[in-house]
Amino acid sequence: MTDARESAGPNDAGPVRHAPGTPCWVSLMVHGPAATQEFYGTLFGWEFQPGPRQLGPYVRALLDGHEVAGIGQLPPDRHLPIAWTPYFASENVDLTAETVRSCGGTIGVGPLDAADAGRLAICSDPSGAVFGVWQAAAHHGTSVSGAPGTPAWNELLTYESASVAKFYRSVFGYQEEPVVSAGLDYVTLHLGDRPVAGIHGLGQALPRDRGPHWVTYFQADDVDGALDRLVQLGGHVLKPAHDTAHGRVAMVADPEGAPFALLRRQR
């Protein structure tokens, strides 16, 4: 991963308008939303309030009154890999959806209105990784960053970075910055001078039972302490806490198997 600059603080007031192409929201669809809310609520201190129900039962997670993420319920007949899905801001989701299709991606849901909150589409890139597009109306997306329990970074795990990076560049206008390192296939996506997401090519090391997918990193003041709580709550450690150039990181999964990461940034 690489550093992402934080655009808002935990005490900022008012809605945050996310620039087009910026990750603006993360959402998780699960089979047991009540148990999932209890897990993340205890782990991160989230509270919950009802959200739009266009895609079924859905709640928004709040941290000190600020919207952080969403959790919804998968239909009983949908047996899909459970994963956090990042949403990227758009000024015109219908036009972005057309661009996704013309660049080799697919549209799984929408575009459709989510009550008065905004308009969305759920898409897949050419490798099959799922992501969302969000056109804000009343709901602008995640309204706080930098505090424990908030999204800090989004990273795509895929087979190889070059062709997939070209897709996201064509759709959202990103600039690419490859990491020059022997044996590492990694590209950071930028908007202007701001890094907004990463693409990590894993080749045959990518888990075959999951395929390409996005992973959300959540901020944690104490990664090791959060790991202890996570295990007690029924979560799983996929890669133990370790120090990197960007901070202390652990790869984990919630009780339903959704992978995510815990990150304590370098001070």
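**Reading the pockets**

Reader: How many nonpolar, polar and charged residues does the lining of the second largest pocket have?

Author: That lining has 14 nonpolar, six polar and four charged residues. Ala, Val, Leu, Ile, Met, Phe, Trp, Tyr, Cys and Pro count as nonpolar, Asp, Glu, Lys and Arg as charged, and the others, including Gly, as polar. The model is predicted: local features need pLDDT of at least 70, side-chain atom pairs 80 or more, while totals for chains, interfaces and linings use all residues. Numbering starts from 1 along each chain as its sequence is written, and side-chain values use heavy atoms, without hydrogens or water.

Reader: Which residues lie nearest the centre of this pocket?

Author: A pocket is an open set of points on a 1 Å grid over the protein atoms alone, where a 1.4 Å probe fits, with protein on both sides within 12 Å along at least five of seven lines; lining residues have an atom within 4 Å of a point. Here 24 residues form the lining, and Glu155, Leu157, Tyr217, Lys239 and Met251 lie nearest the centre.

Reader: Which strand supplies the largest share of that lining?

Author: Strands are DSSP runs of E, at least two residues long, numbered from the N terminus. β14 gives the largest share, four residues; β9 (151-158), β13, β14 (236-244) and β15 (247-253) each supply at least two.

Reader: What lines the largest pocket?

Author: Its lining has 37 residues, with Met29, Thr85, Tyr87, Ile122 and Val130 nearest the centre. β1, β3, β5, β6, β7, β8 and β13 (213-219) each give two or more residues. By class, 24 are nonpolar, nine polar and four charged.
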